[in-house]
Amino acid sequence: MQVLLLLAAVGFCWAQYNPNTLSGRTSIVHLFEWRWADIALECERYLAPNGFGGVQVSPPNENIVITNPSRPWWERYQPISYKLCTRSGNENEFRDMVTRCNNVGVHIYVDAVVNHMCGAAGGSGTHSTCGSYFNAGNRDFPAVPYSGWDFNDGKCRTGSGEIENYGDVYQSGTSKLFFFFITLVRDCRLVSLLDLALEKDYVRSKVAEYMNYLIDIGVAGFRIDAAKHMWPGDIRAFLDKLKNLNSKWFSAGTKPFIYQEVIDLGGEPIKGSDYFGNGRVTEFKYGAKLGTVIRKWNGEKMAYLKNWGEGWGFVPSDRALVFVDNHDNQRGHGAGGASILTFWDPRLYKMAVGFMLAHPYGFTRVMSSFRWPRSFVNGRDVNDWIGPPSNSDGSTKPVTINADTTCGNDWVCEHRWRQIKNMVIFRNVVDGQPFSNWWDNGSNQVAFGRGNKGFIVFNNDDWNMNIHLQTGLPAGTYCDVISGQKEGNKCTGKQVYVSGDGMANFQISTNAEDPFVAIHVDAKL
């Protein structure tokens, strides 16, 4: 009996690392600030046909309405209640999106903001997306309900009640001081956001009630926002209260996929590994380091990527959620600093995303952004707060689709860029194949394969490349899915001929629009 209980416990733990995507679908996309109606359409017309596994959606729960500055993106991270109405849509629209996406095999992952409520200076009234009354000053959120008893105000040991130090400068190394910094980060307010007392079973139950409501609707998992600011045991406690996923779309007994936002760049007491018991963690070192390499900063070279992954000090592959950029650090918030590559640097960005999607490490998330008018003052973008493309009444503009399949209304839609979409497909094709046939020139020309299913070559040097390489692929003529794609039995881009011994010639000009080439067995002519 004890053995059976142990096996059940192990099975429960392991289930939360599984992304719950359909077999053969290996990536999700973050449709940041999209409306639910637009996501439903995108699942049906684009994501499902192109092999995307799921969508991370912006927080669906009621948030404060902020007017100074006017409707910033970060108001979505200041909850007022767990009612499902935001500028992305109402509950009926959310349910319709989940149903329609699930019906075409594209699953929904909710950004769960459960560490805190709105900011301490949020005032009182009904300036919230469902019109619920709240009073931030006396910690009154009757639409949940939460009251002053449900917050950590009494536990924080800083004079301001704010996190004042992450422990990156602690010197003495004593365990007491170490623990003190951990409690600051987890029991004090993050940028004045009212910190929920998650050691209380009542608070844990309200969080679980919200998440279970979403599970019943049909979501597949959760990004746990600000997980670093919660005790791992408190997260475990509310996760233990969660139901299995809806058996209409998921096999019986399936647990929700959990990935936790833990910014761990090293040098702080709190580690990503502290959270492995609950699910995966966001590996922020991934995008920061890859950006440094692709930009060739600090003497870095692509040749050094041969042992990419755990060899670079990252968390184990089966515990990692990876991305080139996210909604925070593409604005200079969060982790990674200036090295982060984004859609503002399209040539380098496509190379970085291509590398990520070809490499077997981690579970991959693609970013899909909106443009905003950047304005740099003393090196900082003073417009980094600007929310999604909006009408004069504050409502979010729809995502329009242009004749060339790109998006209008200032939606960037990186996931629709041919190079990125085709690399999402590449990852699906090579799924389960080993990392193989690495080659580099000691500088910034590199290549590697994925068993006998796919091969990718990069030229990030300042000189042209002309090289014969072992691809590991069956003989034949392949269509490069970066410069074009296979359409019917024709190729709209470069063609690559692989001989009977698996060798092929690759020529990549240093001034090519995209200085990389990718081929796979489903793009064989």
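The model is predicted, so local features need pLDDT of at least 70 and side-chain atom pairs count only at pLDDT 80 or more, while totals for chains, interfaces and linings use all residues. Residues are numbered from 1 along each chain as its sequence is written, and side-chain values use heavy atoms, with hydrogens and water left out. Helices (H or I, at least four residues) and strands (E, at least two) are DSSP runs, numbered from the N terminus.

**Confidence**

- The chain has a mean pLDDT (the predictor's confidence in each residue, from 0 to 100) of 94, with 95% of its residues at 70 or more.

**The H7–H8 pair**

- Helix H7 (residues 284–294) packs with helix H8 (residues 346–358) at an angle of about 125°, and their axes are 10 Å apart.
- Those axes are lines fitted to C-alpha atoms, for helices over the stretch in contact, and angles run from 0 to 180 degrees between N-to-C directions.
- That makes H7 and H8 oblique to each other; under 35 degrees counts as roughly parallel, over 145 as roughly antiparallel, 65 to 115 as roughly perpendicular, and the rest as oblique.
- The crossing of H7 past H8 is right-handed, meaning that the near helix is turned clockwise from the far one by less than a right angle.
- On the H7 side the meeting residues are Tyr286, Leu290 and Ile294, and on the H8 side Leu348, Ala352, Phe355 and Met356.
- Sorted by type, the residues of this contact come out as seven nonpolar, no polar and no charged. Here Ala, Val, Leu, Ile, Met, Phe, Trp, Tyr, Cys and Pro count as nonpolar, Asp, Glu, Lys and Arg as charged, and the others, Gly among them, as polar.

- Asn68 to Pro69 is a cis peptide bond with omega near 0°, and Pro69 belongs to the loop between strand S2 (54–57) and H3.
- Val144 and Pro145 are joined by a cis bond too, with omega about -5°; Pro145 is in the loop between strand S6 (134–135) and helix H4 (175–187).
- Arg139 is not a glycine, yet its phi is positive, about 60°. The loop between S6 and H4 holds Arg139, which is buried at a relative accessible area of 14% (buried means under 20%, exposed over 50%, partly exposed in between, with a 1.4 Å probe and protein chains only).
- Asn378 has a positive phi near 55° and is in the loop between strand S13 (376–377) and strand S14 (380–381). Asn378 is exposed, with a relative accessible area of 81%.

**Two buried loop residues**

- Asn444, in the loop between strand S15 (435–440) and strand S16 (445–450), is buried at 5% relative accessibility.
- Leaving aside neighbours within four places in sequence, the contacts of Asn444 include Lys296, Glu300, Phe458 and Asp461.
- Ile482, in the loop between strand S19 (476–479) and strand S20 (486–487), is buried at 0% relative accessibility.
- Ile482 and Asp514 are 32 residues apart along the chain, with their C-alpha atoms separated by 7.3 Å.
- Beyond its neighbours within four places in sequence, Ile482 is in contact with residues including Arg418, Met423, Asp514 and Phe516.

Conventions
Contact = heavy atoms within 4.5 Å.
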